[in-house]
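Please open the model in a viewer and keep the selection panel at hand.

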Amino acid sequence: MAKEFQHLRFEIDDRVARITFARPPLNVFNIAMMREIGDALNECLAHRDLAAIVFDAAPDTRAFSAGVAVEEHVPETVFQMLDSFHSVFRLLAQISRPVIAIVDGPALGGGCELVAACDIVIASERARFGQPEIKLGVFPPVAAILLPRIIGEKRARELIMLGDMIDAPEALRLGLVNHVVPAADLEPKLLSVLAKLRDLSASALAMTRAALDLGAQNSFQSTLDEVENLYLHQLMKTEDAHEGVRAFMEKRKPEWRHK
């Protein structure tokens, strides 16, 4: 019997796994939702003929994802939060199949990090991307690893350090997305990409993705472990990290202590 999901829709059809975020209004990733994504990806492991994994958002939501739930960055849940989020990326590396994101609206914070981890990104003209974590007194661990590799060191540092947002054309120019199309053309473009992937060997695709991952300067998995340790055991012990989260939840400007 297929597992029931509360925050997403999941299906595997014609060798393609589709994970559709369905947590209105903005698909904010809380621990429960991230664990559901992990459960869906674990189901993908059993399908050796899988041609691709697709992430998208339900029509009744207003964002691909506005990121990870800020209220779960507190000391009581931050370890579970980071573990459930990073498990998604570790599973994607383990499955080693082409990963596609369909982005029609904002992809911010953790949503932008997931986009960065995808092999092919198809965005609508109204898509927006950004890493606003610095404004909360924290940083995005996955983006700190992946964005410099994807869009270049200087631009990645600027986006992460300033917390700015970029539009779809700029994301295309930087190489964060592969295609920008009108919203009505998102599904046709996806189908054309999937048709090409279904025509290829699943084992060849898996080994090709693994080879591309190995070609990165450092192993993503080992680097993520080091960045995770910095986040949990140094950053989250600072006063400012807690102040930024509290200020966001209390809807006020943070009062930084710079320590």
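Which residues are linked with Arg155 in a network of salt bridges? Select Arg155, Glu158, Glu170 and Arg173: these four are linked in such a network. A salt bridge here is a side-chain nitrogen of Lys or Arg within 4 Å of a carboxyl oxygen of Asp or Glu.

Before continuing, note that this is a predicted model, in which local features need pLDDT of at least 70 and side-chain atom pairs count only at pLDDT 80 or more, while totals for chains, interfaces and linings use all residues. Residues are numbered from 1 along each chain as its sequence is written, and side-chain values use heavy atoms, with hydrogens and water left out.

**Further salt bridges**

A search of the whole structure finds 17 salt bridges. Select arginine 198 and aspartate 14, whose closest N and O atoms are 3.2 Å apart. Arginine 198 belongs to helix α7 (residues 186-198) and aspartate 14 to the loop between β1 and β2 (16-21), so this pair ties together parts that are 184 residues apart in sequence. Helices (H or I, at least four residues) and strands (E, at least two) are DSSP runs, numbered from the N terminus. Arginine 198 is partly exposed, at a relative accessible area of 25%, and aspartate 14 is also partly exposed, at 48%. In these terms, buried means under 20% relative accessible area, exposed over 50%, and partly exposed in between (1.4 Å probe, protein chains only).

Next, select arginine 126 and aspartate 104, a salt bridge whose closest N and O atoms are 2.6 Å apart. Arginine 126 lies in the loop between β6 and β7 and aspartate 104 in the loop between β4 and β5, so the pair ties together parts that are 22 residues apart in sequence. Arginine 126 counts as exposed, at 52% relative accessibility, whereas aspartate 104 is partly exposed, at 28%.

Select residues 99-103, strand β4: five of its five residues are buried, so the strand is largely enclosed by the rest of the structure. Val99, Ala101 and Val103 point one way from β4, and Ile100 and Ile102 the other way. Two strands pair if DSSP finds at least two bridges between them. The chain passes from β3 through α2 to β4 in a right-handed β-α-β crossover; right-handed means that, with the strands pointing away from the viewer, the path from the first strand over the helix to the second runs clockwise. Isoleucine 100 stands opposite isoleucine 120 in β6.

**The nonpolar cores**

Select Leu41, Phe55, Val103, Phe129, Leu176 and Tyr231, which touch the most other members of the largest nonpolar core, a set of 70 residues. Helix α2 (residues 78-95) supplies the largest share of this core, nine residues. Another core lies apart from it and has 13 residues, including Val16, Val181, Val193 and Leu205. A nonpolar core is a set of buried Ala, Val, Leu, Ile, Met, Phe, Trp, Tyr and Cys residues joined through side-chain atoms within 4.5 Å.

**Helix α10**

Finally, select residues 239-249, helix α10, where Asp240, Ala241, Glu243, Gly244, Val245 and Ala247 are buried. Lysine 251 follows this helix and has a positive phi, near 55 degrees.
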